[in-house]
Amino acid sequence: MNTCALTLAQQTSWLTKKIFGAPGASELARDSDSIFMWIFYFSLFWFILLMGLMIYWVIKYRRRPGVPIQRTPHHNTNLELAWTILPSLFLGYMFYIGFQGYIKQVIAPTNAEMIDVRGSKWMWTITYANGVNPPEMTEIGGNPQAPIIYIPVGRPVQFRMTSSDVLHSFWIPDFRFKQDLMPNRYSSFWIEAEAPGDHYLFCAEYCGDKHSEMSAIIRAIPADEYDALLQKWFDDSGNLTPVEAGKRLVESKGGCIACHSLTGAPGIGPTWLNAWGYEVPLTDGTTIPADDPDAWDNYIRESIINPAAKIRSGFAPVMTPFAGVFSEEELDSIVEYIKSLSDKAPAGEIPADDSPEQPES
Amino acid sequence: MSTIDAQTRVSDPAQPGWKRYKFADHFRNAEDEFDACKLGFWLFLATEVLLFSGLFCAYAMFRVKYPEAFAAGSHHLNVWYGGTNTLVLLASSFTVAMAIRCAQLNNQKWLRINLIITIICAFLFFFIKLNFEYIPKWGEGIRPGLLYSNPFAGDPMEPIWWSVYYAATGIHALHVLIGAGLLIWCLVRSFRTTQYGPTHYTMLENSGLYWHLVDVIWIFLFPLLYLIH
Amino acid sequence: MKAETAKTFDPNDPHGFAELGEHHGHHITSTKMLITVILILVALTGLTILTSEAETYLVKEMGWALPEWVNVAVAMSIALVKGAFVLLIFMALRYENPLYSIVFLFCMFAFALFLGLTGMDIDNRGHVYPWKVHAINAGGTGVNMNYPGGTIHVLGETITLPPTTYTGSLANHVKEVYIEQTGISEDEYHRRWAEANHIHEHHDTLSSPARSIARTGPSGALDEAVPGEHAQDAAHSPETNSGH
Amino acid sequence: MTTTTITDSGHDSHHDEGSYLTPHKGGAFATIIQWATTIDHKKIGMMYLFTVLGMFMLGGVAALLIRAELWEPTRILADGTITGQLFQSDSTSGYLTYNRLFTMHGAVMVFLVIVPGAPATLGNFLLPLMLGAKDVAFPRLNLLSWYIYVLGAAFAVMSLINTGADTGWTFYTPYSSSHAGNTYGNIVMMTTAAFILGFSSILTGLNFIVTIHKLRCPGMGWFDMPLFVWAMYATSIIQVLATPVIGITLLLLIFERVFHVGIFDPALGGDPILFQHFFWFYSHPVVYVMILPGMGIATELIAVHCRKPVFGYRAIAFASLGIAAVAFLVWGHHMFASMGELANAVFSALTFFVAIPTAVKVFNWIATLYKGSIALNTPMLYALSFLFLFLIGGLTGLPLATLATDMHLHDSYFVVAHFHYVMMGGTIIAFVGGVHHWWPKMTGKMYTEWVGIVGCLLVFIGFNVTFFTQFFLGLQGMPRRYASYIDEFQLLHQISTVGAFTLGLGFFIQLGNFIHSLIAGKKAPPNPWGGLSLEWYIESPPSEHNFHAEPILTHGPYDYEDVYPPHCDPADFPLPEPKPEGNAAH
């Protein structure tokens, strides 16, 4: 980065820290901060100069009865040209450093590890190069199912992003960069973490109801641990029961539990606890009959692929269709999992170690 | 150049409307009012052009990205209907220019005849558009947006081409109808009070300008929509 | 600051328009001029149709490879000349106050900026990553819009709308529904498709998007949608016709 | 040079007695009819003022509710959001109430308050007066544009009653076209409202351009117009050239929403970024429609209350036009996070060009203060607040134009703070200052000075507390349009909320001051501030016909060094020594 800007920023890193809350998490982020600080000092200079003059003159030339104004020139071409051209040069320089920094921010190193990101209302779905989705979750700002996205320390990571419904924006404040996700297009974002640690990820483009909760944690871990973790998830995914596989899918790849609670609590979508096998009224006046396993299996399948086909009474048709997201096998697993949450499920299908916490009511 | 003095106006009802016309009193003279109205109308025409600029822009962007879809869609349009419509609009543009000339020369009879021809052309344009283009296309399943049900799309992006086509020609057709309405209003006033004459024809001239603009926009829409390969 | 203007004040011309040439009065265009212009306009209309047909002939019958921009450049140049005639003579911009021309030019300036800067973005996405240029699925990802589907009645006709969700483009969905309903073979569909698109012979050698008359098959734009650079591409590629 | 020929030449046939505010002799009903069918620019300006004020209160209440919601980082899963509980919406609707509130705040404030605010109220009232004209060029069109405004406002309110739109005021597709809302009505209604309001805006702009071209009084050349008129001229050019594009954009959006034509919807192959280009091609220039009248008002306020000729008159006038021209080049900076790299670079470079004419204006305003005679009354305090806040707003625009820093700050609270400093600290503050300044002229009543000063200080302090904290929120990572947030941000959010309610109190005091002035205010003299532009030559409030005879201009609007202000005691406004004759020519 620009040396002048860097020196300035280093001299005053305490102020930078005060302003940004925390220092940038990568070299590029700190470059961005130093550009900001350069603009900050530039602005501060003009602000103090102009406001100082204003306040000084307002006090000095305040109106006194009987004292006339003094004649001054009505314009001064040289002065006006000077204060037009001089700041313009600074502005040109400002564009230049901003452009340089930006180009570094967007061009990922060729050895960057590619991670796929899919934004949908209102969750992030991450797919690593070996095809696994990170299964761990935490709570951020009201969202108890925010995924934890692991990235390796010291290795560049490039996110290739798209959206399945509306516009989203992938913003990691600690890395000082964001990029919009568009449906039917790819966009790119790359970072390189320097040290292990957690960073927030927010959706910065308004995407509807639970926009505020579309967040995640980016967790940087040492590269060898990261590789081992990915390998472990990959191995795990091979030997799961259908119910376990379904649980993992709805938590990570599908992100279903952002809207469908497992506890009977109301949400944007119907709760799954004791749903399967019960009679459910639909908005078109018909019902899904109770105790009809085939009707229920088909209803769940259809509602994943084409949610608007049958809308349960009292709910809005807001769900993103998941057609093409899950394979046939995965759909079966999800149906099995939802079935396992119901006390009407055929006996013996609920694995003892995997039953959800029963609600109080 | 004819400077009109306000004081020579007569209020005798036997006189034609253009002689009785009195300019609004916040203007200094009729000339000022005429200039103001015309400047205002040119500004309005600028807004109309920019309204269409959105459609031209959408057209250009999709054309650049999906030339094949546009070529495929354009092949469904009959160049002869489009060409006939172009000639109809050009002819009406000519007659409306003649009508203004007749007003300037106080030739009331030909003013009305020219206006009537223009209005007939306007409806002829609309009739050709509707009867030979919109209705058959609609029947073939070539419809805007989700209504699209033609199984023989030449390209995956062809429905977008039809959306642009319907939006552009639809809004243009709406302007044709508005222009026709303005001209009918001029005609009615001409018959009732002989409103337009050498010293006062502001409304007629502005309606004429509007009509020319509708023509100019079609002059560009025609090759863009019908002559693509 | 003032005073000079007040001395030479003329109540009928308070702004000194006469000196500035701002008053242009009423120009009466001659019939001869109007007729000349309309004849030119009709001739140009014929010319533009003629050139368009000639290009088609050259490409189809003579096998010339005319670049795509020729078609646009010729048609737009003729349209510009026609538009200029209408503006200058019929709309009398040539004789009137130049202020009106300035208004119109400003409007054209805004239009040019709109078109130019928008195009600069829309058509230049792939400088850093070529895979950002194209849509993932040509023709759209499939309808995903809380739309109830079903039937509606328009102009006395009952229309069946596609269901809320299908994958791939609307055009493809309509095609599949048609094949399913009629039960025709793929070959029969292609025959009917060629007929509907006025393609009587296959000019496979000409099916490049850079040329005029590029259309030979329904999959032209699909073939180049997304490069298969990464492992994940199989899931996104249009061949499987699935959005994620 | 020191006298004016603006006289009442006794054309009694022309004018009736009494001001334009005198009620109709036929009683209250006849007065209402008279106002509803008036083509008098002053009445239309007043009608605009009151409707805009009503809408400002609606948008302001929404703003306060937004700030109240953000008092706590509430979680819907726990006990529901504050606004949700307030409006008793069930917890399944999540943050919908909040989302609708900020949409309403944005749409109402932009389309119904700031865009028509200064041009249609003060512009309508003052433009013909400053030009020495009887009315605007097309008075009936002017009335029509007010009715269109009311119709648009009615649609916006209907959308609100019909559950309200939750798209944000930018209506980004595909959310607005295919995803937002459970009913079709609310979004289409809000879009229609904005579409209709566009017509109102176009008609006003067109009217003003023609008025300025054709109805300047004898003796008034282009460079003898007050700078407010120049600002209005630049504003009107943008209104005429940019507004039609939002018309077609919203029309296509309605098609998209109703027919799903697919132009903006990627599900059908369209391009959502194209919508953003369409939208911002209008909505960026319209930012200057908002700020230019504010700049014009500030120029007038500073000149009158400093009694100084504006430094660099031509520079300010051309800067207005320059801003209007550059306005059409820079819309892409709203889309840095979604455009391609080339477009980002070009738009970033172009964006810096806006800073140049803006900086020129600021320098000129400050230079005007030099060796003046500065009266620290309410309008001047507003003008000084404007300088302070607008300077911060302008300077914080720099990191947003710089690509490397904008990628962090885009769509964060930094942007929210920045545009509030410009839109509110700039436009609204100048507008309120302008209303104070011309209040005596408009109503014929004086307001209470000390209450005005107290209100101004409260607004100034409240504003800075509200929005300065938001710069830090944005820098630390708080995204826009969030109803709940991580706990780290709570302190700053609470400070901001306190500031917002202080700000609200300040405006409330101003409103009370105005109402008190209308009921029991002192009668205003024709020229309480010693102004020199033409509106101060006529009585307060003006008569129906503005000037009793056509005025003939003999001095510039800012010749405070040479001309005694009309209707004033010359002893109150002493002139400096006359200029030596040799330098008289400029």
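**Notebook: chains A and D**

I started with one pairing: A:Met137 has A:Pro147 in S4(A) as its bridge partner. The model is predicted, so I kept to its limits: local features need pLDDT of at least 70, side-chain atom pairs count only at pLDDT 80 or more, and totals for chains, interfaces and linings use all residues. Residues are numbered from 1 along each chain as its sequence is written, while chains are lettered from A and ligands numbered from 1 in the order in which they are written.

**Entry: strand S4 of chain A**

I looked up the neighbours of S4(A). Strand S3 (residues 137-140) of chain A runs antiparallel to S4(A), with three bridges between them. Strand S10 (residues 215-221) of chain A runs parallel to S4(A), joined by five bridges. I noted the rule for pairing: DSSP must find at least two bridges between two strands. Strands (E, at least two residues) and helices (H or I, at least four) are DSSP runs, numbered from the N terminus.

Is S4(A) mostly covered or mostly open? It is mostly covered: seven of the 10 residues in 143-152 are buried. Buried means 20 or more other C-beta atoms within 10 Å of the residue's own; exposed means 12 or fewer, and partly exposed lies in between, with C-beta atoms placed from the backbone.

**Entry: chain A as a whole**

I found eight helices and 12 strands in chain A. Its radius of gyration is 28 Å, well over the 21 Å that the globule rule gives for 361 residues, so chain A is more spread out than a compact globule. That radius is taken over C-alpha atoms, and the rule is 2.2 Å times the number of residues to the power 0.38. The C-alpha trace of chain A spans about 95 × 55 × 40 Å along its principal axes. Of the 361 residues, 46% are buried.

Next I checked the domains. Chain A is assigned domain 1 (3-106), domain 2 (113-237) and domain 3 (240-354). Such bounds come from an automatic or database domain assignment. The C-alpha centres of domains 2 and 3 of chain A lie 25 Å apart. Between them, 16 residues of domain 2 are in contact with 10 residues of domain 3. Contact means C-beta atoms, placed from the backbone, within 7 Å. On the domain 2 side, S4 gives two or more residues, as do strand S2 (123-127) and helix H5 (223-238) of chain A.

**Entry: chain D**

I counted 18 helices and zero strands in chain D. A compact globule of 586 residues would have a radius of gyration near 25 Å, and chain D agrees because it has 24 Å. I read its span along the principal axes as about 75 × 55 × 45 Å. Buried residues make up 67% of chain D. For contacts between residues at least 6 apart in sequence, 83% join residues at least 24 apart.

**Entry: where A meets D**

Notes: Two residues are in contact if their C-beta atoms, placed from the backbone, lie within 7 Å.
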